[in-house]
Amino acid sequence: MGANIPNGIGASPRRKEDQRFLTGAGNYTDDINIQGQTYAYFLRSPHAHAAIKKIDTRAAAAAPGVVAIFTGADLAEAKVGGLPCGWLITDVSGQPMKEPPHPLLAQGKANHVGDQVAVVIAETYLQAKDAAELIEVDYGVLDAVADVATATQSGKPQVHDIAPNNVCYVWGHGDKAAVDKAFAGAAHVTTLEFRNNRLIPNAIEPRAAVAQYSRSEDAYTLHVANQNPHVERLLMTAFVLGLPEHKVRVIAPDVGGGFGSKIFLYAEETVITWASKRVNRPIKWTCERSESFMSDAHGRDHATKAELALDKDGKFLAMRVHTKANLGAYLSTFASSVPTILYATLLAGQYTTPAIYAEVTGVFTNTVPVDAYRGAGRPEATFVVERLVSKAALEMGIDQAEIRRRNFIKTFPYATPVGLTYDTGNYEATLAAALKIADVAGFPARREEAKKRGKLRGIGYSCYIEACGLAPSNIAGALGARAGLFEAGEVRVHPTGSVTVFTGSHSHGQGHETTFAQVVAERLGIPFESVDVVHGDTGRIPFGMGTYGSRSLAVGGTAIMKAIDKVVAKGKKIAAHLLEASDSDIVFENGNFKVAGTDKQVAFGQVAFAAYVPHNYPLDKLEPGLNETAFYDPTNFTYPAGSHICEVEVDPETGVTRVVNYVASDDFGNVINPMIVEGQVHGGLAQGIGQALLEQAVYDAESGQLLTGSYTDYAMPRADDVPSFKVDTQVTPCTHNPLGVKGCGEAGAIGSPPAVISAIIDALKDLGVKEVSMPATPYRVWQAIRSARA
Amino acid sequence: MKLSLKVNGKAVEADVDPRTLLVQFLRDHLHLTGTHVGCDTGQCGACTIHLDGRAVKSCNLLALQAQGTEVTTIEGLAAPNGDMHPMQAAFKECHGLQCGFCTPGMVMSATALLKDNPKPTEEQIRAGLDGNFCRCTGYHNIVKAVQTCAGGR
Ligand code: FES
Ligand code: FES
């Protein structure tokens, strides 16, 4: 696919969205102010686990500026429901997972620090906040449980009565008997026991919402920082508030990063939508960062034991994985699917491992809910696979690249033992490219040179795979999804031939306004400047499922392609009339409809004009207008894959680790805008390196207090924590979507953590260090060195 | 209390509650919403502006502390004819932004950085921007943008 026009497919036009973002003209939710608006502040539980015996709001209600105060009791009285979970997981016993109620404002009991207890609505934000301090809550503090590894032991505090031992589900996947048999005959078994650290997504824009009720229309408008406005609306109206769906318009304007955390339906925006009618005033709510830490859904937090069985030549025979996954205090929107469907199905990685069994226990704790964060289950799976492989290679004395090559899947389509069928791939290509770009051959010399400077240099590999482009709806449905996973696109051609595209995908940094315009410009042969992309407004776009799981181009882009096909098909009929030819003789090339084999043609713009000024037009056979909508439900996931190679230098005196070289060779299928794709990889890598070296949400295991509740304690990657990256792409086009694209948004975060950790272990292996846990902070690395030396 | 200062070249007079932060004054009173708020502890840098030519975090100051100063926000960085400042242009050229939320603060920090050190090394750029978080770009293209801007002078 080469660009046929400037700024078409494969080119890197600079982004359409940048003008407004660079000049301060962006329109984020907190920038929106509505005449007469009030402000909401949520009173949150300071305790991880506490009975709420009494709430006295009288003093607060009398405070200056207060418009209204609502508690859980008010919502119960108004028959407002709880937040739903979008994915049903079935326990090994055959029973459905335990689904405790998830009230918008705590009912009788607070279950994590930050749980919403009441909302104050006032004339100004400070008045709301001041009044909240006057609310007297009589708490009966209960023992709390926060640690996922031990929460299921008997005698631990119970988060929900309906979930004994805090177990939401025990879910099994794969052929256990085949795995046990393979282990029994293995020449070598590698074992790994580790924690996948809990992360806080930390989009730089905090969550925010502005809700408005119109009495004249008896309808609501909600502006909210969200990744999927239609899903937000459907869940909110149908499952929680019982409002007619068509009476609520959800607008996700410019959104300052999501990384998964803005997929979910949260309590705050739901409460203010409901309350906007009660108080008959617009209500604005903006999360303070300290509230984000304790109310945004967190990510990861697994305790895992994994084993890999190999034959004497290093061929993988079987894998066995046991994981306890922290779900937090309640089931967030997609919480149940992340450590199951999006995790265990990826455990084959790039390899032919014939038998795999995974057992996942979903665990409730007195912590904020855990849900999808960039990669969502796939980084956790990749860490299991790639650390096992790296460790096995080390134990068996096989070269890291060689052991991977011996086990690569080489023929496609390939059905894994964990339920996926990879359509295409070329794992050797990305590995070979990464080895070359990383100059692995020169590594021993670099290691020697580092040694002279007193630094220990190590190299680590990661060959990841991911399943993106969620998903065939029927397969997802069979696996427990309670929603469809298609996407929608509308291509509206204007009379003068310019085009507005309405997409159900949502951009919160990904640059859809640019990439989608490239696709349309290329396909219709019109200038890139003549295409605008509209997203994020249920009042304007067709019903779409939004952006997550690296699906926008593969699913949303395909929906647009299908709509373009319809535009072209109709355009051919119009052109045939104008050119006095038969429909079947018309071809569409480079923006012109031509009679095949002749020089007779009309330009796209002329056809558009004829469609809206149908004077010379086949009105007996064809409707006027040129405006087409398409819905697309994929037939398979897409399978981006790649090889990452990381080099680190460790200072053995301080334990400080620097990433000094990072190479990513990725196969995302066809690439529409290489500049944007590289940017996506860079961002993912920084988040993955952040997970490996810096970031961890820490709860006190006894009290359930969040110890990392601000940027002072939660280490975000800064500019001087990461290097410049070397990124490369190899191309095997996806076989089942017309653009041949696979998705690139999460790869960096998926591939990098095991590469970094394996590099550290490689650096320290001569000292006898065998494991370092994430995040590999200087203190931990120093300790690992000390205890290995002892 | 009475506050008078210059914002983006224009004289501004206002009566403000003494508790008002400079960033709130800019956003809520002057409707200059290009300056963003990403934290409540002075760490993210999304609120960075220029105060008498120096980069400062506008969430860390009371509006009254800006009495008599000259403030420049992202809205005031472009030339009067609308042409982007070279740093804005470099961010666009190098794809130094994704969601755009950190961007105004990042650009304001980056311009101040080059004012102090017109030819910084990569290491100096990274150190100089370490008070500004970006969760999207991994900083790679931000560093490239600053280098490009420095090189293009
Ligand atoms: S808002 Fe974060 S530093 Fe000012
Ligand atoms: S571009 Fe999104 S935080 Fe920097």
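**Notebook: cores and a sheet**

I started at B:F91, which touches A:L22, B:G96, B:L97, B:T103, B:M106, B:V107, B:A110, B:I142 and B:A145, leaving out residues up to four places away in sequence; contact here means heavy atoms within 4.5 Å. A reminder to myself: this is a predicted model, where local features need pLDDT of at least 70, side-chain atom pairs count only at pLDDT 80 or more, and totals for chains, interfaces and linings use all residues. Side-chain values use heavy atoms, without hydrogens and water.

Next I looked up the nonpolar cores, meaning sets of buried Ala, Val, Leu, Ile, Met, Phe, Trp, Tyr and Cys residues joined through side-chain atoms within 4.5 Å, with buried being under 20% relative accessible area (1.4 Å probe, protein chains only). The largest has 210 residues, and B:F91 is listed with A:L347, A:Y662 and A:I760 as having the most contacts inside it. Helix α18 (residues 747–764) of chain A gives this core its largest share, 10 residues. Helices (H or I, at least four residues) and strands (E, at least two) are DSSP runs, numbered from the N terminus. I found another core apart from it, of 48 residues, including A:V491 and A:M561.

Then I turned to a sheet in chain A. Five strands make an open, mixed sheet in the order β7-β15-β14-β13-β8; strands pair if DSSP finds at least two bridges between them. β7 (167–174) and β8 (188–199) of chain A each have a single partner strand, so one side of each lacks a neighbour in the sheet. β7(A) runs antiparallel to β15(A) (residues 355–364), joined by seven bridges. I also noted A:V167 opposite A:V363 in β15(A).

Notes. Residues numbered from 1 in each chain as written. Chains lettered and ligands numbered in written order. Buried < 20%, exposed > 50% of the residue type's maximum accessible area, 1.4 Å probe, protein only.
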